[in-house]
Amino acid sequence: MKARKLLMIPGPIEFEPEVLQAMAIPTTSHVAPDFIEVFGHSLELMRTVWKSPKGQPFIIAGTGTLAMDMAAANLIESGDNVLVISSGYFGQRFKDILERYGAKVTLLQAALGQSVSIDSIENELKTKQYKALTLTHVDTSTGIIVDPKPIAQLAKKYKVLSIVDGVCSIAGEELNQDEWGLDVVLTASQKAIGVPPGLALLMASEKAMEVWKNRKTPVPNYYADWGNWLPVMKAYEERKPSYFGTPAVNLIVALETSLKIICKEGIEKRVQRHQSLAKAFRAAITSLKLTILATSNTIAANTLTAVYYPEGIDGAAFSAKMVANNVIIAGGLLPDIKTTYFRVGHMGSVSPNDLLAVLGALERTLSELGYPLEIGKSLQTFQTELLKGSN
Ligand code: PMP
């Protein structure tokens, strides 16, 4: 029997074979002409994926947390007010990072399974002058999506910088950085971007770059300082050699490969694929009488789904049986309710067949653990929903 397990956690994900092959090339010099071309092209392709022709892209060795750290270190000065809009675990992380740089943070935390209302954001913005607000586009701990567009409009109205943690959304969910007026949109390589972990990716608007240039105090973080990286990004885009810290050469070759695949599919089509698969997957999950953590479809992410275990099902036994059934899913992440739910990632190159495999394994696992269900029900629901979408 094929021993290969399907990796269906919300990052790292299953990667395209071409991307993995790109990782395996003999490593070249970071200033070799062919690598300069690859780096420069990757920066250009980021503008297409982020829909930000005017943005300044950064590709830095590190994880998504570094991208968050970079946004905070470069834009925030001690004493600045920052509003953190949170629908899970990663809002709290942004708060912690911002406070390291002396920000006075107000955290607007959504109730479990919900997102923060636009009204409560506006009410908070009226109370004092904020320097910036942050939002988590998709919170990976809850599977909740937040629409950045109306929040960006509020940010503009109240003259506040808007920073989007798009780690679990970019290249999977709809986003239009320039048109919506978002100042920083950041992500990491290992999710819908489709490249093994190790790259922090960030796009800064002209306004964000101005705010950084006009800082009164130096950036209190050496590695994250845009002053060190901006000349490097500019040089690669002009196809010139440059150096600050050695780029992750193979990861960047893989990034170019993946960004080309994304652009070839087309961003609109890719987003639609994520939407239709997620919708069908949620319908399938619900058909098994399982409960999704997001309390309504309108705030359910299209890159992952978080699902409560049914009564009496033990999480550890469930995960072990799923692995035995050749599918790797993730456990819960929100500290208080960690043991009560699981998460399935469905982003990047995810196909209907991947999700059919997940549902098949899920039905067998639940059935083996004594949960009463009609075998085949979720697969049938999934297929029917998908076919409805394609008609
Ligand atoms: N934000 C979100 C929404 C995430 O999902 C993650 C990773 N799961 C991070 C930030 C942090 O990224 P990393 O683990 O790459 O540091």
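## Confidence in the model

pLDDT is the predictor's confidence in each residue, on a scale from 0 to 100. This is a predicted model: local features need a pLDDT of at least 70, side-chain atom pairs count only at 80 or more, and totals for chains, interfaces and linings use all residues. Residues are numbered from 1 along each chain as its sequence is written, and side-chain values use heavy atoms, with hydrogens and water left out.

The protein averages a pLDDT of 97. In all, 99% of its residues score at least 70. Confidence is highest in strand 9 (residues 184–188), at a mean of 99. Helix 14 (residues 377–390) has the lowest, at 94. Helices (H or I, at least four residues) and strands (E, at least two) are DSSP runs, numbered from the N terminus.

## Two domains

Domain 2 covers 17–265. Domain 1 is made of 6–11 and 267–390. These bounds come from an automatic or database domain assignment. The two centres, taken over C-alpha atoms, are 28 Å apart. Across the boundary, 29 residues of domain 1 are in contact (heavy atoms within 4.5 Å) with 28 residues of domain 2.

## Around the ligand

The side chain of Thr 63 puts a polar atom 2.6 Å from a ligand oxygen. Asp 165 has a side-chain N or O atom 2.6 Å from a ligand nitrogen. For Lys 191, a polar side-chain atom lies 2.9 Å from a ligand nitrogen. The protein covers 86% of the 390 Å² of accessible area (Shrake-Rupley method, 1.4 Å probe) that the ligand has on its own.

Most residues other than glycine have a negative phi, and most peptide bonds are trans. The bond from Gly 11 to Pro 12 is cis, with omega near -5°. Arg 239 is not a glycine, yet has a positive phi of about 60°.

Conventions
A polar contact is a pair of N or O atoms within 3.5 Å; within protein, one must be able to donate a hydrogen and the other to accept it, and residues adjacent in sequence count only if both atoms are side-chain atoms.
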